[in-house]
Structures are given as structure tokens and as C-alpha cells.
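This report describes selected features of a structural model. Please consult the sequence and coordinates shown below.

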Amino acid sequence: MNPSPLPSNYTDLVNLYGQPSQAGFGSAVFDEIIEPGTDLEPIALRYYQHFVGKLWEQFGADAWMSTWKQVYARTGGVTPDIVAELRAIADPAAAQFVPVLLLADTDDRTKAEQALAAVFDNPQVSDLRVYAIGDGAALSGLLVAGYRPNEITILISLID
């Protein structure tokens with residue numbers, strides 16, 4: 001991993017969702033410089049495994065990969081609106097974690113929506129994907145990956 005320092009306009013996202021970590025629970029923001037044309041999914045998967053840390057080995061890759069699937073991808077011509085896009089996720093299992101990711105039941109809901117929009121609605125974001133994640137038992141959540149020229153930002157939220 002070649003983490004890059006988060007640009008200053010990502011401060012709100014990091015303040016709300018957390019620094020890069022291997023906590024395996026909660027949320028964290030990661031940012032990395034990547035080569036143009038790099039496939040986002042292997043990078044997202046690598047950060048998912050990194051975030052889960054020791055739990056990945058404890059429960060095994062099969063458990064953690066049992067829920068891994070892309071549940072949303074922004075298509076060309078779609079006006080970027082990460083909050084609306086998250087709310088429109090059709091997969092029922094993944095959709096139940098959108099309110100958690102949006103901090104809907106907290107005083108930080110508006111801040112969360114603004115921080116997500118500042119990062120993932122940026123006109124330079126040319127690829128955005130959302131994945132369902134979890135251990136197939138107690139922990140579940142979402143991973144949001146956004147690509148802008150030469151850089152990927154990943155937000156992971158994993159709860160029980």
C-alpha cells in the first residue's frame with residue numbers, strides 16, 4: 001500500500017469516519033496514489049482485508065468474502081450525488097447499512113452528507129463503486145471506493 005496524505009478538503013470525512021486503521025470494526029478512510037487505469041476492485045479488497053486486520057486470519061478469507069459483492073457502480077451520465085446513490089442501493093442486505101454510513105441517527109448526519117459529497121461528488125471522480133462487506137455472521141457494512149486521477153479514496157464502515 002502506498003498511502004497518500006489526504007488532501008485538506010478530506011479532513012471532514014476523516015474526522016467523521018476515522019483515520020486509516022486495522023480496527024476491524026467501525027469506520028476508516030484510506031487514500032492511495034494509483035496508476036491510471038488500475039482496476040479499483042483489487043485495491044478496495046486489499047484495504048478491506050487491511051482494515052479487518054487480524055480478524056481476517058481468525059475467521060478466514062471465506063467468511064470475509066462470503067458477503068463481498070459490488071452493490072452499486074456510478075455509470076456514465078449520472079449526476080454525482082453520493083447520498084442519493086447510497087439511498088438508492090437496491091440490494092436489501094446492503095441497503096440496511098446506508099443509514100449507518102450516513103450517520104442518519106446522529107447529530108452528525110448533515111456533516112456526514114456534506115463530507116461524503118465533498119469527496120465522492122467531486123467532478124474529478126470518474127469511477128465510484130460500493131461493496132457489501134462483512135464476516136457472514138456478526139459484522140456487516142459497506143465499502144465506498146472513488147477514483148479521481150491517480151488517486152483512490154476508500155471509506156469502510158463495518159458494524160455488528
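On the other side of helix 8, which residues are exposed? Lys111 and Gln114 are exposed there, exposed being over 50% relative accessible area, buried under 20% and partly exposed in between (1.4 Å probe, protein chains only).

The model is predicted: local features need pLDDT of at least 70, side-chain atom pairs count only at pLDDT 80 or more, and totals for chains, interfaces and linings use all residues. Residues are numbered from 1 along each chain as its sequence is written, and side-chain values use heavy atoms, leaving out hydrogens and water.

**Helix 8**

Helices (H or I, at least four residues) and strands (E, at least two) are DSSP runs, numbered from the N terminus. Ala112, Glu113, Ala115, Leu116, Val119 and Phe120 are the buried residues of helix 8. Seen down the helix axis, they fall within an arc of 165° and therefore line one face; the arc is taken over the directions from the axis to the C-beta atoms. Among the elements they pack against are helix 1 (11-17) and strand 4 (140-148), contact meaning heavy atoms within 4.5 Å.

**Aromatic pairs**

The structure holds 7 aromatic pairs. Rings of Phe, Tyr and Trp (its six-membered ring) pair if their centres lie within 6.5 Å; planes under 30 degrees apart count as stacked, over 60 as edge-to-face and the rest as tilted.

| Pair | Centres apart | Planes | Class |
|---|---|---|---|
| Tyr48 and Trp56 | 5.3 Å | 90° | edge-to-face |
| Tyr48 and Trp64 | 6.3 Å | 80° | edge-to-face |

Tyr48 in helix 2 (residues 40-52) and Trp64 in helix 4 (residues 61-65) are 16 residues apart. Both Tyr48 and Trp64 are buried.
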